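Subject: Two-chain model for you

Hello,

Here is the structure I promised to pass on. Please open it first, then read the notes below.

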Amino acid sequence: MNVVALIKAVPDLTQSRYSKSEMKLQEKGPRLMPPVSENVLEAVRQIKESNQNVSTRALLLGNQAEDIVLRKALAFGLDQACLILGDVDAYDPYLKSRLIAKALEKLGVPDVLVVGSDSGFGSGGQLGIRVAELLGFEDAETVGDIASASPSVRKVFLVEQGANQPRIPNIMAVMKAGSKELLTLKAEELLTGEEFKSVQIISREEWLG
Amino acid sequence: MDFTFTPEQQMLREMVKKFTEKEARPLAKKIDQEAKVPMELWKKAAELGLMGIAFPENYGGAGAGEMGYCIMLEELAQGDASFTVMLGAHISIGAMSIYLDGTEEQKQKYLTKMCSGEYIAAFALTEANAGSDAANIETNAALKGDEYILNGTKFYITNGGIADVVIVFAVTDKSLGAHGGVTAFIVETKTPGFKVGKELDKMGIRGSNTVELIFENVRIPKANIIGKVGEGFKTAMKALDRGRLSLSAGCLGGTKRALELSLNHAKQRIQFGKPIAEHQAIQWMIADTTADIFAMESMVYRAAWAHDQGMRITRESAIVKMYCSEALDRAVDRGVQIHGGMGFIRECDIERAYRDARINRIFEGTNEIQRLVIARDVLTKGAY
């Protein structure tokens with residue numbers, strides 16, 4: 001069984017400040033893995049532990065600086081990790097889901113997809129469902145406790161924040177994760193120029209003309 | 001110059017930080033009150049591989065080097081000082097003595113179990129009449145057949161009462177003095193004649209186990225000599241070089257925690273109609289501790305990096321130990337001052353931090369000895 005975990009990187013809100021004048025967050029410090037992604041990884045770990053012949057992969061849509069977040073997935077015990085290089089903050093949820101679906105088609109469509117049930121990639125919690133639809137998955141389920149769920153094939157599990165207690169990775173896994181090779185795909189190579197067009201995020205002033 | 005930590009080091013810091021916040025810090029008050037580190041905490045740390053952090057993978061370690069080890073102690077020290085000292089004595093001077101000068105057989109037999117946390121290690125150099133004057137030790141070992149017969153008493157031994165293995169430094173030839181006459185032995189604590197004396201009731205780091213050890217005709221096989229006969233003092237000094245640096249990383253963590261506690265209090269304590277953090281007198285103390293942290297970080301990781309590059313760091317570790325232990329003392333003192341009367345109350349974390357900090361200027365070589373080491377090194381080798 002091939003299981004893919006979709007994880008994300010978020011700004012460090014203890015260091016970043018919101019600028020009222022610019023109406024945007026002025027980020028400081030490296031991006032972090034949010035708690036819900038840790039819950040996703042713990043869920044994947046539990047699927048692997050309770051099933052045989054499971055191969056696992058983490059997928060993150062982000063920039064090169066965020067590869068540290070992806071490496072944490074390897075420290076959590078996932079077998080492989082793939083970074084989709086792209087300007088994640090400029091993409092709307094539909095484009096993000098198309099990029100992820102394309103990447104999964106390229107890597108091999110997984111049997112099970114595990115994703116956070118809240119605002120994954122800033123997409124209001126719709127990402128997992130959208131990817132599932134694009135990949136033709138028949139079933140999506142929000143789970144609190146993955147151990148009680150049955151990981152049948154072609155299924156998306158939406159994991160809630162706090163659904164489990166993520167274990168702390170051990171030091172040996174951390175050290176190995178630091179030097180393990182990451183697979184990298186470029187967003188612009190996954191979709192053609194025309195496909196890349198999406199709903200643009202514009203300011204209120206622009207919208208009002 | 002690139003001062004960024006590697007991805008491994010960043011992840012390591014985050015991992016230890018989580019362990020500290022989840023497992024160690026919540027127990028700190030209890031550890032202080034009951035004067036005991038629960039073995040459950042040791043086991044949890046062992047499961048994560050913390051005891052093997054500084055050692056190579058072929059001994060069950062993580063191969064994170066001195067940099068990784070310092071990062072770990074810096075983070076742990078923000079949770080509980082007693083546990084940090086327990087772990088530090090086990091790794092820095094106990095297990096490290098075997099790693100530095102032990103035989104391959106000794107490493108496979110003992111170091112692997114120390115890395116896994118199955119064995120707890122202690123380092124027994126100090127005696128009642130041999131503290132700063134470490135060369136004046138009286139514990140002796142006499143060769144009889146294929147064994148050495150060990151007799152004497154060691155004092156102030158961290159982990160001594162809970163250790164499985166103690167590295168004991170004993171005189172094997174009094175006529176040769178410290179350099180040539182002292183040998184390091186691996187002593188298993190289940191060996192007949194090994195006795196634990198009284199446990200010492202301390203001002204701070206109350207949870208770490210500090211005892212007197214008594215050796216009465218303890219028979220040690222020759223195979224348990226670390227390095228060569230008569231070269232024990234060299235082993236001790238090399239281990240202490242490492243120990244001083246990692247101790248300093250603990251001081252750095254303690255200082256960061258003292259600042260965090262001080263800031264938390266200063267932001268919420270209102271006097272004269274505003275948080276005391278807005279008063280200049282408090283701001284100066286915050287600035288001074290922040291400056292100390294910057295200096296400590298710079299020197300701890302520069303020395304750790306130098307060590308990992310294979311450089312000898314005798315002078316550097318003495319400088320770092322001296323500076324960091326005194327900076328920590330200044331930080332906790334300011335912290336108590338910022339807390340005012342509350343800082344003098346047992347319930348308050350900064351009160352415990354104040355007591356825990358004091359030992360750092362004394363153990364692993366008093367700061368007076370560090371100054372001596374630094375000055376002698378400068379006078380013989382030049383300043384730079």
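One caution before the findings: this is a predicted model.

**The A–B contact**

A:E38 and B:K18 form a salt bridge through their side chains, with N to O at 2.3 Å. Between chain A and chain B the count is 2 salt bridges.

The size of an interface is often quoted as the accessible area lost when the parts come together. Here chain A and chain B bury about 1600 Å² between them. Carbon and sulfur atoms account for 72% of that area. Within chain A, the residues that lose the most area to chain B are A:I168, A:I171 and A:M175. Together these three make up 41% of what the chain A side buries.

**The largest cavity**

The whole structure holds 3 cavities of 30 Å³ or more. The largest cavity has a volume of about 100 Å³. Both chains line it. From chain A come A:M33, A:E38, A:K72, A:A75, A:F76, A:P169 and A:V174. From chain B come B:M11, B:E14, B:M15 and B:K18. Note that A:E38 and B:K18 are in this lining, and they are also the salt-bridge pair described above.

Two elements give two or more residues to the lining of the largest cavity: α2 of chain A and α1 of chain B. α1(B) gives the most, with 4 residues. The lining divides into 7 nonpolar and 4 charged residues, with no polar ones.

**The second largest pocket**

This pocket has a volume of about 1500 Å³. It is lined by 42 residues. Which of them lie closest to its centre? They are A:D12, A:Q15, A:L32, B:E14 and B:K17.

Several helices each supply at least two residues of the pocket lining. In chain A these are α1 (35–50) and α2. In chain B they are α1 (7–24), α4 (65–76) and α8 (232–268). The largest share, 8 residues, comes from α1(B). By class, the pocket lining has 16 nonpolar, 9 polar and 17 charged residues.

**Salt bridges overall**

Over all chains the count is 40 salt bridges. One inside chain B deserves a look: B:K44 pairs with B:E23, with the closest N and O atoms 3.0 Å apart. This pair links distant parts of the chain. B:K44 sits in helix α3 (residues 39–47) and B:E23 in helix α1, 21 residues apart.

Best wishes

Technical notes:
Residues numbered from 1 in each chain as written. Chains lettered and ligands numbered in written order. Predicted model: local features only at pLDDT ≥ 70, side-chain atom pairs only at ≥ 80, totals over all residues. Heavy atoms only, no water. Buried area = accessible area lost by both parts, 1.4 Å probe. Salt bridge = Lys/Arg side-chain N within 4 Å of Asp/Glu carboxyl O. 1 Å grid on protein atoms, 1.4 Å probe; cavity = no way out; pocket = protein on both sides within 12 Å on 5 of 7 lines; lining within 4 Å. Points joined across faces, edges and corners; volume = space filled by probe spheres on them. Nonpolar A, V, L, I, M, F, W, Y, C, P; charged D, E, K, R; others polar.
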